[in-house]
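Trainee: I have a model open and would like to talk through how its inside is packed. Could we go over it together?

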Amino acid sequence: MNKYVVKCPECGQVRDPYALHCPNDDALLRTEYSKKQIEPTDMPGIWRYYDWLPVNGIIEEGSGRPVTYKSEEFAKELGLNDLNITFNGYWPEKEAFIRTCSFKDLESFPTMQRLIENNEERIMVVASAGNTARAFAHVASITGQKLLLIVPKNSAHRLWTADEDSSSICTVTVDGDYYQAIALAEKIASRDDFVSEGGARNVARRDGMGTVMLDAVLTTKSLPQHYFQAVGSGTGGISAWEASMRLLEDGRFGNNMPRLHLAQNLPCAPLYSLWTGIELTGRCPEEMHDDVLYNRKPPYSAIGGVKDALDDTDGAIYGITNKEAEAAQKLFEESEGIDILPAPAVACAALIKALDAGEVKPDEQIVLNITGGGQKRLEEAFSTQLLEIELALSPTDPDAEKKILEKVSEFFGK
C-alpha cells in the first residue's frame, strides 16, 4: 500500500502525487495517508511527523521542527489558564532549532524532498517576501539543488543565511511588491528548464506547515478549542484545518474542530476585507508592521481554501493595527523572554483582541502559533550573511524575463 495518495476533495479523484491542480475544478488537492493514527518518529527535526508528510525519504541534516510549551508569563498577563505556544524558531533552551527562525522551514524541507524523489533536475523557482526565500535557500544550500529566488527589493534584508555555501542559489530582486515577484516567477517557472515550488497548491508545503498543529496536539494530548496565527496568503490556516481533520479521524485527541483565528495587518489585509466586506485603503505594503503578511491574491475562494477553512471551523479574521502589533510584541517578548519576528506579533495582538471581545474564554485551551522567532538568539550563536543579489529589475521592464534567463545561464554555467 502506498504511504499516501493525492486526491481532489471536490470530485474525489486520485491524482498524480506531484500534481498541483485538478483538471475538473479549482479545488486544492489534498493528501490522504494510509496510516490514520500518527506515531512520532525518532527522526530529526520535522521528520518526527514523517507519517503525515508526503515524502518517502528525508533530508537528514538541517531541519528543525515546531516546539510546543505551556505559557506561564504571557498567559498570566492575559489572564489565560491553558495557553499553549507553538514556537517556530531558534531557542535552544526550548530545544527549538529552526536555523532560519521561521516556520517556512516546515514547508521547504518536504517540498525539496519531493523534488529529489521526483528526480527533478530543473531549477526550482521561488517567489517570496523574504522568509520563504530564506527557508528554501537554507535547504538548497544543504542539498545543492539549483534555486532561483525572486523577491521584492524591499525584502532583500531578510535574505540572510547561517549557511556558508550559497553557490546553488541565484537571487533576483524586483522593485515592486510580493505579487509582482510572484507574477514574474510564474512566467519563468513555466519554461522548460524551471519548476515552480507550487505555492498554496503544493501538498508538501501545506502538510509541512500542518506539523504546527500536530506538534501542539501531540504535546497537549488534545485538540485545542482555539488556534491563532498571523497570515498573508492564509495557507497556514488551511494547513492547520487539514491537520485538524486528520487528528479528528485519528480519534485519540477529542472530537472538537479547533476554531481558526487568523490575523492580518491593517491596512494591507485582503483576506480580512474579503471575509468582513470592509474596504481598506492605504499604501501597501509600506504602511505595515510586517509586509510578509501582504498577499494580493490569496487562495480565498478556491474549494478547500481559506473561506472553506473559516466556514468549517466557525473561524474569524482580525484586522490588527501597527500600534496593536507593536504593543503585543513588546508584551510577549518581555513576558516569555525570547525575541519574535513582527508577523507573530500580529497573532499575539489578535489573541488579545479576541479576549477583549469575549471570543475566547480564560479557561479554554488555546494554541498560539509563533511563526518566527529567536533571530537575536541565533545571531549570538552563529555568524550570518546576506545572500548576494545577482540581478535587480523593475517589474515594468519589458526585457525582465530575458535578463533573468541570461543571468541564470551565466550563474549556473549553462
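Trainee: Leaving aside neighbours within four places in sequence, which residues is L260 in contact with?

Mentor: Bearing in mind that this is a predicted model, L260 is in contact with Y227, G237, A240, W241, A309, L310, T313, G315 and A316, once its neighbours within four places in sequence are left aside.

Trainee: And which residues have the most contacts inside the largest nonpolar core?

Mentor: Those are M124, L147, L149, L247 and L260, in a core that has 67 residues. The largest share of this core, 6 residues, comes from helix α6, residues 211-220. There is also a second, separate core of 64 residues, and among its members are F87, V125, I340 and A343.

Trainee: Switching to α10, how far apart are its end C-alpha atoms?

Mentor: They are 21 Å apart, which agrees with the span of 21 Å that the 15 residues of this helix (residues 322-336) should have at 1.5 Å a residue.

Trainee: Which residues of α10 are buried?

Mentor: A325, A328, Q329, F332, S335 and E336 are buried in α10. Because they cover an arc of only 150° around the axis, they lie on the same side of α10, whereas K323 and E334, on the other side, are exposed.

Trainee: What do the buried residues of α10 pack against?

Mentor: They pack against the strands β4 (67-70), β5 (83-91), β14 (316-320) and β15 (366-373), and also against the helices α1 (73-78) and α11 (342-356).

Trainee: What about the backbone just after α10?

Mentor: G337 follows there, and it takes a positive phi of about 80°.

Notes:
Residues numbered from 1 in each chain as written. Predicted model: local features only at pLDDT ≥ 70, side-chain atom pairs only at ≥ 80, totals over all residues. Heavy atoms only, no water. Core = buried A, V, L, I, M, F, W, Y, C linked by side-chain atoms within 4.5 Å. Buried < 20%, exposed > 50% of the residue type's maximum accessible area, 1.4 Å probe, protein only. Helix = DSSP H or I, 4+ residues; strand = E, 2+ residues; numbered from the N terminus. Contact = heavy atoms within 4.5 Å. Expected span 1.5 Å × (residues − 1). Arc of directions from axis to C-beta.
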